[in-house]
Amino acid sequence: MGKVVLVTGAARQLGSRFVWRIQRDPEVDRVIAVDAVAPGHQLGDADFVRADIRQPAIARVLAEHSVDTVVHLDVSAKAVGTGGRTTVKETNVIGTMQLLGACQKAPSVRRLVIKSSTNVYGSAPRDPAVFTETTPPKSLPSGGFAKDVVEVEGYVRGFARRRPDVAVCVLRFANILGPKADSPLADYLSLPVLPTVFGYDPRLQFVHEDDVVDVLGIASREPRRGTLNSGTFNIAGDGVLLLSQCSRRLGRPTMPLLLPAVTWVGQALRTVGMTDFSPEQIRLLTHGRVVSTVQMRETLGFHPRFSTAETFAEFARSQGPGLLPPEAVGRAVDRLAAMPFAGAAGDVPGITGAGDTHPTPSAR
């Protein structure tokens with residue numbers, strides 16, 4: 001008998017892609033796709049079960065199908081359909097608690113994979129240049145999706161202590177982008193004009209959605225020789241990009257605002273439903289975040305096909321032309337950088353240059 005894999009969040013684009021991918025694994029006999037809403041796309045030969053992981057019924061699904069591998073992808077910053085922030089938080093936190101409780105009681109479960117996020121590190125002015133998996137955050141997230149993933153990981157650690165026989169893999173993904181990316185940051189980067197925090201040019205990392213599917217496949221199987229896929233791993237593409245570089249490559253002008261004004265604009269954008277410009281995203285667009293991927297390569301044995309820059313290029317191509325040609329945006333930024341007041345700001349520690357001509361630091 002082959003493995004029986006249960007995948008949560010199957011109605012989401014990423015979840016459905018992984019369901020298709022895991023069906024091709026010769027070691028997998030059956031795939032159980034679970035979500036509270038029916039997917040708007042085909043799932044191949046997978047068995048779809050409409051179930052809300054916030055309800056105790058998920059335990060019955062595990063038992064009925066003798067599931068041995070659980071891949072929990074229903075941890076997200078955006079709701080499926082018309083659900084709001086309350087629904088998202090309940091699914092992330094309460095849903096994870098129910099799922100872990102069901103896994104704890106299911107003797108057949110032997111492997112658990114959790115989709116997490118580098119949001120657990122937060123974004124603060126005194127952050128280290130690069131976070132490793134063991135670096136504590138300088139300031140714990142106080143709300144939003146970042147707080148959700150902190151709570152989720154706390155419950156996962158408790159589960160791992162209670163079920164030491166289960167191999168647990170937590171994947172902390174950097175910002176996921178690609179042609180079909182669906183996230184608050186992707187929505188922000190799709191705006192015709194990008195509101196930014198005056199005086200800051202944060203460093204950002206991205207991971208391609210194709211690489212996300214690939215690494216989930218590695219985490220859900222038995223480890224290859226010389227690797228270990230149990231533990232916590234940062235997942236990101238090589239290198240970093242400055243927010244100003246992103247705007248140039250998209251051909252979208254930026255609108256630098258003082259921090260209070262950015263907060264107000266964020267509230268307005270949320271009200272009209274254009275993007276979830278949350279306080280945690282504002283902190284990311286102020287201070288940035290970079291993580292080390294050494295363990296991803298040396299322990300997990302995963303090497304992304306796309307760098308941060310290549311991932312962003314794929315996303316930019318899917319967006320079409322911006323309001324201005326990238327060359328025009330670049331020339332405008334260069335002219336601003338050459339002005340006396342801009343040059344003086346560049347001498348202040350913590351303020352990073354904005355042009356593409358600056359070397360991109362490595363995060364490897």
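The following dialogue explains how to read several features of this predicted model.

Me: How many helices and strands does the protein have?

Reply: Helices (H or I, at least four residues) and strands (E, at least two) are DSSP runs numbered from the N terminus. Here there are 13 helices and 13 strands.

Me: In what order do the strands of the open sheet stand?

Reply: Two strands pair if DSSP finds at least two bridges between them. In this structure, seven strands form an open sheet in the order S3-S2-S1-S4-S5-S6-S11, with parallel pairing. Strand S3 (47-50) and strand S11 (231-235) stand at the edges with a single partner strand each, so one side of each has no neighbour in the sheet. Within the sheet, strand S5 (residues 111-117) and strand S6 (residues 167-173) pair in the parallel sense over seven bridges. Ser116 stands opposite Arg172 in S6.

Me: Which strands does helix H4 lie across?

Reply: Directions are compared through axes, which are lines fitted to C-alpha atoms (for helices, over the stretch in contact), with angles from 0 to 180 degrees between N-to-C directions. Helix H4 (residues 144-162) lies across S5 and S6 and runs at about 160° to S5.

Me: At what angle do helices H2 and H3 pack, and which residues meet?

Reply: Contact means heavy atoms within 4.5 Å. Helix H2 (residues 57-65) and helix H3 (residues 85-105) pack at an angle of about 40°, their axes being 8 Å apart. Ile58, Ala59 and Leu62 in H2 meet Gln98, Leu99, Ala102 and Cys103 in H3. An α-helix has 3.6 residues a turn, so residues three or four places apart point the same way.

Me: How much of the protein is buried, and which residues of helix H9 are buried?

Reply: A residue is buried under 20% relative accessible area, exposed over 50%, and partly exposed in between (1.4 Å probe, protein chains only). Of the 364 residues of the protein, 51% count as buried. In helix H9 (residues 279-287), the buried residues include Glu280, Gln281, Ile282 and Leu284. Gly288 follows H9 and has a positive phi, near 70°.

Key: Residues are numbered from 1 along each chain as its sequence is written. This is a predicted model: local features need pLDDT of at least 70, side-chain atom pairs count only at pLDDT 80 or more; totals for chains, interfaces and linings use all residues. Side-chain values use heavy atoms; hydrogens and water are left out.
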